Amino acid sequence: MIKTLNLPCKGSKFFLGKAEGPRPIKTKGVKMDLSLTRPDDWHLHLRDGDLLGAVVSHSAHHFGRAIIMPNLKPPVMTTAAAVAYRESILKALPENSDFTPLMTLYLTDHMSPNEIKLARRSGVVFAVKLYPAGATTNSQDGVTDLFGKCLPVLEEMVEQNMPLLVHGEVTDPEVDIFDREKLFIDTILRPLVQKLPRLKVVMEHVTTLDAVRFVESCIEGSVAATVTPQHLLLNRNSLFQGGLQPHNYCLPVLKREIHRQAIVSAVTRGSKQFFLGTDSAPHERRWKECPCGCAGIYSSPVALSLYAMVFEQAGALDKLEAFTSFNGPDFYGLPRNTSKIRLSKAQWRVPESYAFESGEIVPMFAGQTLEWRPSTMD
Ligand code: OTD
Ligand code: ZN
Ligand code: ZN
């Protein structure tokens, strides 16, 4: 849960002048600034059309690159579709932005192994996404039988060194929603890693102690995980605090406090297998605040501030930069960014909403005051 922030004091770990970690800059009138290698977002939903135009600049301001999720309507199932989607993202970017979208393909029962060859040759597709059919927003065309239908594709992914990004939940409606991640690990993910030990796997948006333990039990460099701001800061009470809170509803759903603590502990002790993936998933306000509200939390504008808050509260600001900027590219085999961004210890108020042509989007922590403000360093 969110605690009152304490300013780092002279005795804190951060001031010990460790070789690794963000460099503090002293600025007049501001308590403290951090200089960070520009972060990347290894799990992002940018949507298309109006909504893409409304959200892309929030990611482009803070992040160098992002892994772009393919769950559009219809999904991005071919390299040709990924190339076209990439073009529309580049067109929607603010002028002079050098934000790089890293595209993904949506795995189905019918994908051919040749699509993986095309994807690798394109130079713009960096991963394939596994959505168990029905697990989350726009996943109805996803996989129904991974081992029965997708093995040839997975084997080609091993050949092409193409990572598999996994939404790790079983979809059986009989299974309690809070147990779906653990059951997925036991019945699908562990067997998959045993069957194809050379397949690179990212377990996306981990939410449980079980997931943390599973990832850490695997070989570094072959299995990793992304971590969202909401699963670091909120537990399942946040869904019901003072009434139903639709803007805290996402999938996988928030879990118990012990799970949140396990995830915080994994990232703040500096494990290289965990890296930043916001899972920022914008929906118009009217589709969140209605009788059957959509799952998804819009976090792009606030994510860096929130991650900094988590690491600060844990006394682990010296581990922040590896999580935001090193572990992801190292796992994907991509160069680290060379430019920097500044995180200033300065209060700012999160807007209540962002308006665009067709409606408005409510960000995570709308209307609240945050303590770390990101800005580009020129
Ligand atoms: N979870 N919403 C969405 C995707 C994610 O599972 C996810 O990655 C979305 O709206 O696309 C959500 O709650
Ligand atoms: Zn997912
Ligand atoms: Zn997602």
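Student: Which residues coordinate the zinc ion (ligand 3), and at what distances?

Tutor: His43 (NE2), His45 (NE2) and Asp279 (OD) coordinate the zinc ion (ligand 3) at 1.9 to 2.0 Å. Donors here are N, O and S atoms within 2.8 Å of the metal (3.2 Å for Na, K and Ca); water is not among the atoms, so a site may look incomplete. The model is predicted, with local features requiring pLDDT of at least 70 and side-chain atom pairs pLDDT 80 or more, while totals for chains, interfaces and linings use all residues. Residues are numbered from 1 along each chain as its sequence is written, chains are lettered from A and ligands numbered from 1 in the order written, and side-chain values use heavy atoms, without hydrogens and water.

Student: What is the arrangement of the four donor atoms around the zinc ion (ligand 3)?

Tutor: Four donors count as tetrahedral if all angles lie between 85 and 135 degrees; four are square planar and six octahedral if opposite donors are over 155 degrees apart and all others between 65 and 115; anything else is irregular. The angles around the zinc ion (ligand 3) are 93 to 123°, so the arrangement is tetrahedral. In sequence, its donor residues follow the spacing H-x1-H-x233-D.

Student: Are His43 and His45 buried or exposed?

Tutor: Buried means under 20% relative accessible area, exposed over 50%, and partly exposed in between (1.4 Å probe, protein chains only). His43 is buried because its relative accessibility is 1%; His45, at 8%, is also buried.

Student: At what angle do the axes of helix H1 and helix H2 cross?

Tutor: Axes are lines fitted to C-alpha atoms, for helices over the stretch in contact, and angles run from 0 to 180 degrees between N-to-C directions. The axes of H1 (residues 49-62) and H2 (residues 79-92) cross at roughly 65° and come within 9 Å. Contact means heavy atoms within 4.5 Å; here Leu52, Gly53 and Val56 in H1 meet Ser88, Ile89 and Ala92 in H2.

Student: Where do H7 and H9 meet?

Tutor: Leu209, Asp210, Val212 and Glu216 in H7 meet His259, Ala262, Ile263 and Ala266 in H9. The axes of H7 (residues 209-217) and H9 (residues 257-268) come within 8 Å, crossing at roughly 30°.

How values were computed:
Helices (H or I, at least four residues) and strands (E, at least two) are DSSP runs, numbered from the N terminus.
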